[in-house]
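Hi everyone, thanks for making time this morning. Let me put the model up, and then we can walk through it together.

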Amino acid sequence: MRRTPIRWLVELAVAAALVGWLVLWLLESRGTYLSDVPWVVDVALLLLAGAVFWAGWTVRAYQRGRRPDLDALRAARTYVLGKAAAVTGALLVGWYLAQVLVVLGDLDVDARRTHGLAALWAVGASAALCVVGVLVERFCQLPPSDDEGKEREGRTPPGSPEMDARA
């Protein structure tokens, strides 16, 4: 599996923000307003980021020889968990950023300012989840084995003069 490119996550967050802003703008133009973002969202996202980081840290400890045993299936699941956290974090960054963008024009209204600040905190917690997901993906990446490195060094491309001399 390939690691998730950072650029793709940024593009995903921007796309989610644009689509979310459009949907929220349409809803508010019809008189439907979202309620404030509860603080529990921030806590839940940060706890999830902590759990994902802990799972990735155990894989990293195994690779550095500090943990004697680790199931390969658990390491693969941790990698997938990191990828899912990165994508989910990027999508949530876009969603909560859309909420911030919608209330930007009404910051003089106390209720809208409160909503904007709560959504901004959620953007930060979502970004933390995304960053932790990318970090855990990197923790789970295997270093190249010694055999692969030696094989690459000793290999000569077909059709090269050295290959023809051997034949």
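Threonine 4 is buried, with a relative accessible area of 8%; buried here means under 20% relative accessible area, exposed means over 50%, and partly exposed is in between, with a 1.4 Å probe and protein chains only. You will find threonine 4 in the segment before helix 1. Leaving out residues up to four places away in sequence, threonine 4 touches Leu9, Lys83 and Glu137, where contact means heavy atoms within 4.5 Å.

A quick word on what we are looking at. This is a predicted model, in which local features need pLDDT of at least 70 and side-chain atom pairs count only at pLDDT 80 or more, while totals for chains, interfaces and linings use all residues. Residues are numbered from 1 along each chain as its sequence is written, and side-chain values use heavy atoms, with hydrogens and water left out.

Now the overall picture. The protein has 6 helices and 0 strands; these are DSSP runs numbered from the N terminus, helices being H or I with at least four residues and strands E with at least two. Of the 167 residues, 34% are buried. If you take contacts between residues at least 6 apart in sequence, 80% of them join residues at least 24 apart.

Let's turn to helix packing. Helix 2, residues 39-63, packs with helix 4, residues 110-139, at an angle of about 15°, and their axes are 9 Å apart. The axes are lines fitted to C-alpha atoms, for helices over the stretch in contact, with angles from 0 to 180 degrees between N-to-C directions. Helix 2 and helix 4 are therefore roughly parallel; that label covers angles under 35 degrees, with over 145 roughly antiparallel, 65 to 115 roughly perpendicular and the rest oblique. Their crossing is left-handed, meaning that the near helix is turned anticlockwise from the far one by less than a right angle, and clockwise would be right-handed. The contact includes Leu45, Ala49 and Trp57 from helix 2, and Ala122, Ala125 and Ser126 from helix 4. By class, this contact has 17 nonpolar, 3 polar and 2 charged residues; Ala, Val, Leu, Ile, Met, Phe, Trp, Tyr, Cys and Pro count as nonpolar, Asp, Glu, Lys and Arg as charged, and the others, Gly among them, as polar.

And how do helix 1 and helix 4 cross? Their axes come within 13 Å, at roughly 155°, so the two helices are roughly antiparallel. This crossing is right-handed. On the helix 1 side we have Ile6, Leu9 and Glu28, meeting Arg112, Cys130, Val134 and Arg138 in helix 4. That contact has 4 nonpolar, no polar and 3 charged residues.

Next, the cores. A nonpolar core is a set of buried Ala, Val, Leu, Ile, Met, Phe, Trp, Tyr and Cys residues joined through side-chain atoms within 4.5 Å. The largest has 15 residues, and Leu9, Val37, Ala90 and Tyr96 touch the most other members. Helix 1 (6-29), helix 3 (72-103) and helix 4 each give two or more residues to this core, and helix 4 gives the most, with 6. Apart from it lies another core of 13 residues, including Leu45 and Ala125.

Last stop: serine 126, in helix 4. Serine 126 counts as buried, at 0% relative accessibility. Beyond its neighbours within four places in sequence, serine 126 contacts Leu45, Gly89, Leu92, Val93 and Tyr96. Thanks, all!
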